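Hi there,

Here is the structure I promised to pass on.

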Amino acid sequence: QGLVAGARAVAHMDGQTATAAFDGKGACFLETGDGRAWMADGAFFGDPAARVVFAAEPTPEHFNAKLAFERDLLSAWFSQP
């Protein structure tokens, strides 16, 4: 979604018509406790309804991937001047 927002902003600043559109596809983690998380992946804004697939079960690997994602994201945010 952020890439689409950026592309639309650049098009606007260049005086062009923005054509980029967010397709609703993405992934997220759902923490379930006990050091485990589910991974959800799909089209969150699917028509006529969302189409989201969950991993078979919450796992420590998904929890660790969630922690790494959050650590990397926060590191990027706070390293900006």
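Below is what I found, going from the overall layout to some side chains.

A quick word on the ground rules: this is a predicted model, so local features need pLDDT of at least 70 and side-chain atom pairs count only at pLDDT 80 or more, while totals for chains, interfaces and linings use all residues. Residues are numbered from 1 along each chain as its sequence is written, and side-chain values use heavy atoms, with hydrogens and water left out.

**Layout**

The protein chain has two helices and three strands, in the order α-β-β-β-α from the N terminus. (These are DSSP runs numbered from the N terminus: helices are H or I with at least four residues, strands are E with at least two.) Its radius of gyration, taken over C-alpha atoms, is 17 Å, well over the 12 Å that the globule rule gives for 81 residues, so the chain is more spread out than a compact globule. That rule is 2.2 Å times the number of residues to the power 0.38. Of the 81 residues, 15% count as buried, meaning under 20% relative accessible area; exposed is over 50% and partly exposed is in between (1.4 Å probe, protein chains only).

**Strands**

Strand 1 (residues 25-33) and strand 2 (residues 36-43) run antiparallel, joined by eight bridges; two strands pair if DSSP finds at least two bridges between them. F29 sits opposite M39 of strand 2. Two residues lie between the strands of this hairpin, and D34 there has a positive phi near 55°. Strand 2 also runs antiparallel to strand 3 (residues 51-54), with four bridges, and D41 has V53 in strand 3 as its bridge partner.

**Salt bridges**

I count two, taking a salt bridge as a side-chain nitrogen of Lys or Arg within 4 Å of a carboxyl oxygen of Asp or Glu. K66 meets E31 at 2.9 Å, N to O. That pair links distant parts of the chain, with K66 in helix 2 and E31 in strand 1, 35 residues apart. K66 also bridges to E70, again with 2.9 Å between the closest N and O atoms. Because K66 and E70 are four residues apart in helix 2, about one helical turn separates them. Together, E31, K66 and E70 make up a network of salt bridges. K66 is buried, at 12% relative accessible area, whereas E31 is partly exposed at 48% and E70 is partly exposed at 33%.
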